[in-house]
Amino acid sequence: MAMAARGRGGKLPPEVNRILYIKNLPYKITTEEMYDIFGKFGAVRQIRIGNTAETRGTAFCIYEDIFDAKNACEHLSGFNVSNRYLVVLYYQATKAWKRMDTDKAKEKLEEVKERYGIGGDIDREKEKLLGYTPRRT
């Protein structure tokens with residue numbers, strides 16, 4: 001009912017959601033500036049700007065309405081802010097969780113390798129056992 005009243009119809013692609021992931025932000029941008037830029041497209045529930053070395057220059061913007069997020073993503077992707085072009089994407093939780101799972105698995109593997117004194121280089125292991133480096137053909 002609300003969609004029809006606002007003149008919004010049609011089916012959205014599955015990747016579209018209310019959470020936008022923004023990359024290539026200027027490091028000095030403030031939350032207020034982000035609200036000014038992204039608030040033009042609808043009611044913003046929350047904005048989180050990255051503050052660690054790995055997350056600097058990125059942010060998450062959460063909209064109240066999915067159509068506002070879609071509109072902002074379409075219009076702000078490539079928008080110039082302080083001589084930097086924004087990259088605006090829909091947040092994909094499954095990709096983020098998969099990456100975290102992979103990182104955890106790598107950490108666990110390294111722990112096991114260290115605990116049992118196992119190296120990761122097969123050629124080096126063969127050299128230790130055989131006393132020479134096997135040739136690859």
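Me: Which residues of the largest nonpolar core touch the most other members?

Reply: A nonpolar core is a set of buried Ala, Val, Leu, Ile, Met, Phe, Trp, Tyr and Cys residues joined through side-chain atoms within 4.5 Å. Buried means under 20% relative accessible area, exposed over 50%, and partly exposed in between, with a 1.4 Å probe and protein chains only. Here the largest nonpolar core has 22 residues, of which L20, I22, M34, F38, C61 and Y63 touch the most other members. At least two residues of this core come from each of β1, α2, β2, β3, α3 and β6 (87-90), and α3 gives the most, with 4 residues. Helices (H or I, at least four residues) and strands (E, at least two) are DSSP runs, numbered from the N terminus.

This is a predicted model, in which local features need pLDDT of at least 70 and side-chain atom pairs count only at pLDDT 80 or more, while totals for chains, interfaces and linings use all residues. Residues are numbered from 1 along each chain as its sequence is written, and side-chain values use heavy atoms, with hydrogens and water left out.

Me: What does C61 touch?

Reply: Contact means heavy atoms within 4.5 Å. Not counting residues up to four places away in sequence, C61 touches R18, I19, L20, I22, F38, V44, Q46 and I47.

Me: Is T58 buried or exposed?

Reply: T58 counts as buried, because its relative accessibility is 13%. T58 is found in the loop between β2 and β3. A polar atom of its side chain lies 2.5 Å from the backbone oxygen of T55. Beyond four places in sequence, T58 touches Y21, I22, K23, L25, R48, I49 and G50.

Me: Where does G78 lie?

Reply: G78 is in the loop between α3 and β4, and at 37% relative accessibility G78 counts as partly exposed. Not counting residues up to four places away in sequence, G78 touches Y85 and L86. The C-alpha atoms of G78 and V88 are separated by 7.7 Å, the two residues being 10 residues apart along the chain.

Terms used
Polar contact = N/O pair within 3.5 Å; in protein donor to acceptor, adjacent residues only side chain to side chain.
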